[in-house]
Amino acid sequence: MYLADKVRAIYDYPIDGIIFRDITTLLQDGDAFKAAIDNLISLHNNENIDIIVGVEARGFIVGSPVAYALGCGFVPVRKPGKLPSEKVSAEYSLEYGENKVEMHVDAIKKGQRVLIVDDLLATGGTSKAVIDLIEKLGGEVVALDFLIELVDLKGREKLKPYNVNSILQFEEK
């Protein structure tokens with residue numbers, strides 16, 4: 001597939017044994033970037049989505065054009081210490097450590113239909129933490145969309161029963 005060829009594999013980054021799927025090579029190709037975003041948008045053309053949530057930092061790059069195209073607002077989920085107002089937080093595990101994400105307490109209104117958009121689904125830990133934040137604020141998660149899914153890490157299983165979509169799937173083994 002043409003889009004998969006635009007994603008660079010970097011071995012042993014950020015630690016030994018990890019294959020980092022670098023989307024910067026896809027982003028710098030205008031046709032590939034447009035095709036990737038168009039694919040994500042097409043998943044929800046006929047759905048009633050109120051707001052898009054994107055996860056720092058590549059989720060901002062992928063989620064913002066989806067929000068624009070669907071006529072939705074955009075909410076950033078950030079790493080600790082980056083948001084200036086009152087916030088909620090959730091901790092999670094990744095394939096190579098622990099981390100935390102935060103969102104402003106007024107970012108999601110009760111009953112809003114939320115689409116989470118990010119660049120990569122690995123173990124699902126980050127996404128599950130984001131779901132927890134959204135639901136804590138009263139939002140309804142409509143779906144989670146990813147540019148890339150690392151199938152072998154089984155992140156999709158952690159996100160049941162939510163609707164999970166990915167444009168590209170990579171098997172690491």
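Which residue stands opposite valine 55 in β4?

The model is predicted: local features need pLDDT of at least 70, side-chain atom pairs count only at pLDDT 80 or more, and totals for chains, interfaces and linings use all residues. Residues are numbered from 1 along each chain as its sequence is written, and side-chain values use heavy atoms, with hydrogens and water left out.

**View 1. An open sheet of five strands, with parallel pairing.** The strand order is β4-β3-β7-β8-β9. Strands are DSSP runs of E with at least two residues, helices are runs of H or I with at least four residues, and both are numbered from the N terminus. Two strands pair if DSSP finds at least two bridges between them. The edge strands, each pairing on one side only, are β4 (73–77) and β9 (164–170). On average, neighbouring strands of this sheet are turned by 20° against each other, direction ignored. Axes are lines fitted to C-alpha atoms, for helices over the stretch in contact, and angles run from 0 to 180 degrees between N-to-C directions.

**View 2. The pairing of β3 with β4.** Strand β3 (residues 51–55) and β4 pair in the parallel sense over five bridges. Valine 77 in β4 is the residue opposite valine 55.

**View 3. Helices α3 and α5 against the strands.** Helix α3 (residues 30–42) lies across β7 (113–121), β8 (140–150) and β9, and runs at about 150° to β8. Helix α5 (residues 125–136) lies across β3, β4, β7 and β8, at about 165° to β8. Contact means heavy atoms within 4.5 Å.

**View 4. The salt bridge between arginine 58 and aspartate 119.** A salt bridge is a side-chain nitrogen of Lys or Arg within 4 Å of a carboxyl oxygen of Asp or Glu; the whole structure holds eight. In this pair the closest N and O atoms are 2.6 Å apart. The pair links distant parts of the chain, with arginine 58 in helix α4 (residues 58–70) and aspartate 119 in strand β7, 61 residues apart. Arginine 58 is partly exposed at 32% relative accessible area, whereas aspartate 119 is buried at 4%. Buried means under 20% relative accessible area, exposed over 50%, and partly exposed in between (1.4 Å probe, protein chains only).

**View 5. The salt bridge between arginine 113 and glutamate 140.** The N to O distance is 3.3 Å. Arginine 113 lies in strand β7 and glutamate 140 in strand β8, so the pair ties together parts that are 27 residues apart in sequence.
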